[in-house]
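A plain account in paragraphs will do.

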2 protein chains.
Amino acid sequence: MDGHEHTGVPLPPMEFNLWGTPGEAKPLSHGVHKLLDGVFNVDKPLPRIPEEDILIRESMLGTGDLEALAAIVGADRVSGDKGQKLGRARGKSYPDLIGWRLGGTHDVPDAVVAPATDEEVLEILRWATRERVAVVPFGGGTTVVGGVAPERGGARAVISLDLALFDELSDVDAESGLATLGAGLTGPAAELLLAEHGLQIGHYPQSFPYATIGGYAATRSSGQSSAGYGRFDEMVRSFTIVTPSGILEVGDASPASAAGPDLRELFLGSEGAFGIITRVRLRVHPVPEVKRYEAFSFRTFEEGVAGLRAVEQAGAGPTVIRLSDEIESSVNLTSGDSIGDASKAPEGCLCLTMYEGTEEHTASRHAETRALLIAAGGTSAGEGPVRSWEQGRFGAPVLRDGLLDNGAICETLETATDWSNVPRLKKAVTRALSDTLRESGTMALVMCHVSHVYREGCSLYFTVIAAQSHDPEAQWWAAKNAACRAIVEAGGTITHHHSIGIDHAPYLRDEIGDLGVAVLRAVKKELDPAGIMNPGKLLTIDAPEAPDEH
Amino acid sequence: MDGHEHTGVPLPPMEFNLWGTPGEAKPLSHGVHKLLDGVFNVDKPLPRIPEEDILIRESMLGTGDLEALAAIVGADRVSGDKGQKLGRARGKSYPDLIGWRLGGTHDVPDAVVAPATDEEVLEILRWATRERVAVVPFGGGTTVVGGVAPERGGARAVISLDLALFDELSDVDAESGLATLGAGLTGPAAELLLAEHGLQIGHYPQSFPYATIGGYAATRSSGQSSAGYGRFDEMVRSFTIVTPSGILEVGDASPASAAGPDLRELFLGSEGAFGIITRVRLRVHPVPEVKRYEAFSFRTFEEGVAGLRAVEQAGAGPTVIRLSDEIESSVNLTSGDSIGDASKAPEGCLCLTMYEGTEEHTASRHAETRALLIAAGGTSAGEGPVRSWEQGRFGAPVLRDGLLDNGAICETLETATDWSNVPRLKKAVTRALSDTLRESGTMALVMCHVSHVYREGCSLYFTVIAAQSHDPEAQWWAAKNAACRAIVEAGGTITHHHSIGIDHAPYLRDEIGDLGVAVLRAVKKELDPAGIMNPGKLLTIDAPEAPDEH
């Protein structure tokens, strides 16, 4: 394909070795530097290696393969360019990003292809099945669990299939509150298209600026307004999924049904292992008329958790409700410019609430929530903390690049459990991270918040900051695997909203059992008989036990 | 097994050829007689045939088979008694009940077995797999779609496996709002056990007095308080399912998860075709402090539907919201004693709302709902109609037996669709039923209500009353199949809460497509390789096209 312009292959939205684009990068604030200096002692941080100095694996595809792909989608939508491959070779986890700073030859997809129709996707998958070439779907590339790693499984090569050209809004039914969105649309692009109809999705994960509709569906993403609008999987009415065995339209018939098993739930969270979601019909709602805000402070995390539980079990109905533990509250993550400035942080544990809808709806939800939080021991901290959180809420991943530049580890992981099990799970994960990192020679700052609530429980989201050792990959995997084992042993789910990918695959069998694994394998065999779909993700569940190191 | 007492086999809760028990039967009211006399003209109703005159198929099981079952569960929990078989041979659809009034030899299970532990169920399924004996799970026997029909598939015999001995409440976690209930518990039995802990499920389908926890889960039941507490499938946190390939514990890990596909949704609605649900962990809530009631009247059904849509899309939050069309409202079904007395029915279309929770919660939900319904054109009809509906709401199925005694057809069927498609679907189903029944020589009263609402649509529940022809089975199947075809063509789901069973099986392929069927078959093959689990239900999807007659 050399000599072609590849103008039809969209550039990956983010810089390959950063979150976001270089323009987004910001120098660390005085507060963060103070935090780093006060806690850690890093002598020689690993610098970023520029693109031209990075070595990549040679392509396993021949000219004939690229010509075959070009015959399906056109030569301008197939690319073997290094920049295109680098941008699709890893996601954005801490090990993904630190990996680019290490030497060696990096594994990358052997080619990139950008189909624009279901029929083109189907033809690619049939070609890949015949030719035993693995296919990794690519959306926004925001995975933090290895979801786009160019694993080959038993295949002879691997291609990255970019969904960016699935970028349309169609079939808007404002009366029913439904709209169909292309899998390649990012959160902001989808919201812009819907705003022209006065409609909104209301799905705001931290990856919102880059992550895509298809990725949200394939990974069971959960956004910051989940209390009001639900998890992404709850917003999905129906979708199109293209598998090597054919195209399925799933969930068309009705808002709810008793017509057997709900097949939607077999493909939501399937991470490209069965097929590729190309189009999602979503439940959408009018842009809210009113927003209300109030923060609260609790003396202890336990007290705050009891408050959140009371609110959720009463069905009081905030759109957003979150609670940071003592450490996270004192680091003041809700206010970008004041991070690390404990003098500006409120006392105790910070709880943020937001309400969206009509004037009457938000007023009653706010009143009921407020009464329950105050009855649980909360005191009002006004609107300010919620408004500054709302403004800065997509900024944390950008901050991480600066921390890495300064020799720090910065990573997050998450789980969920029943209310009665929250203390045990929080303690187990915190201890696993702290102990393992201490063994590697660094103290660790382990922060935690609750950001998704359910009638019977909630999520726990951990942020870890520590100093990099001289072998940062081994150091991190020791900590990560200790945390995963702690989650399994303390009765949490291995992932509440980051999905399985490669990183959590060794723990899936613990969660769903041998027969659960057998069921997933039977479905995969039916839809992807050659096993070419996104090898290693989700279904790498043959590992006999969780590894000690990655 | 003759000579044994079978004392361990519970008697089916209902009379084999009636809804409920003989004690529940009531003579038809004056209003109903007036309705029948005014509309229909039946000369010679089919009388009920007493049990002793009913002929049943000879058992295909030998003494050795019964001894093998007795070796697993004990001789007193295996029965070949006629009464036990009759009570488990059919459900409670109109054709089920009219069938007992016709002559001929009736198909019944070849034996009844009542295990009490997961291990006993597993041993029975393994024996049945080896011996090629089909197994039909039995709960309350309330199916109206042929879900317990003693089909053999390719097996040499069929047994009914009664779940009544799975009758325990366990592992109550009041903090998290979770409790585990045995699959054989009826709605009232489950609520009684939970009430001792101040807890409630809040699932009230019309079958509530008899239907069981396992049946609710296996059929995706939906209850009258679904607006407040959700469908039954939404209440299920986790469950145990015993399959011929082993026992699965599904959904244990967490309130919500991104750990791959949600396998719960593959077994909810699986109707015993993959295995037998023996125990369900449910989301439960405190018994509500307060109930509020208000009925509204709308000039037209369209206006009322728009009102329900506004309430649901605003998230106003009633616990119950229902709307009867003009005909159903005039027949006054909400008031047992006044049925058919149009003088006592409110004008137009009756809408019922109910609110449960704390004083503050219910007051604000009531106020918001009321404002939206009035803005949509509704006028208040006070508390009365809601209270009389609440009192009489489980009574309609009993009334049906009296109608059958008087030569009437009385049957219900249901579907769901998006708000924008409600008028088209309602018209299509009404016309299909009316036209087909008119061709059979009777006029038909076709009533409709909305009883379950979703952000993007609602259910439509049809009740048909007409006069029986001289061939009532053929007459009904012509009408039913015309209605099913109308549903498929007008874009509804083939069943919103009655499940697939045998009756809807020919239409499942229309709903989920060839690949959807292939996926279900792959799962079944993995878990039930001999195909002994509840043959003919759900997975009778090989029929090349919908039949003209049943």
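**From one residue to the pair of chains**

Ser499(A) sits in the loop that joins helix 17 (472-489) and helix 18 (508-527) of chain A; helices (H or I, at least four residues) and strands (E, at least two) are DSSP runs, numbered from the N terminus. This is a predicted model, in which local features need pLDDT of at least 70 and side-chain atom pairs count only at pLDDT 80 or more, while totals for chains, interfaces and linings use all residues. Residues are numbered from 1 along each chain as its sequence is written, chains are lettered from A and ligands numbered from 1 in the order in which they are written, and side-chain values use heavy atoms, with hydrogens and water left out.

With 2% relative accessibility, Ser499(A) counts as buried (under 20% relative accessible area, with exposed over 50% and partly exposed in between; 1.4 Å probe, protein chains only). Beyond its neighbours within four places in sequence, Ser499(A) is in contact (heavy atoms within 4.5 Å) with residues including His504(A) and Ala258(B).

Elsewhere in chain A, five strands make an open antiparallel sheet in the order 7-8-12-10-11, where pairing requires at least two DSSP bridges between two strands. Strand 7 (169-173) and strand 11 (246-250) of chain A are at the edges with a single partner strand each, so one side of each has no neighbour in the sheet. Strand 7 of chain A pairs with strand 8 (residues 178-182) of chain A over three bridges, and Asp173(A) stands opposite Leu178(A).

As for the two chains, 100% of the interface residues of chain A are also interface residues in chain B, so the copies meet through the same surface.
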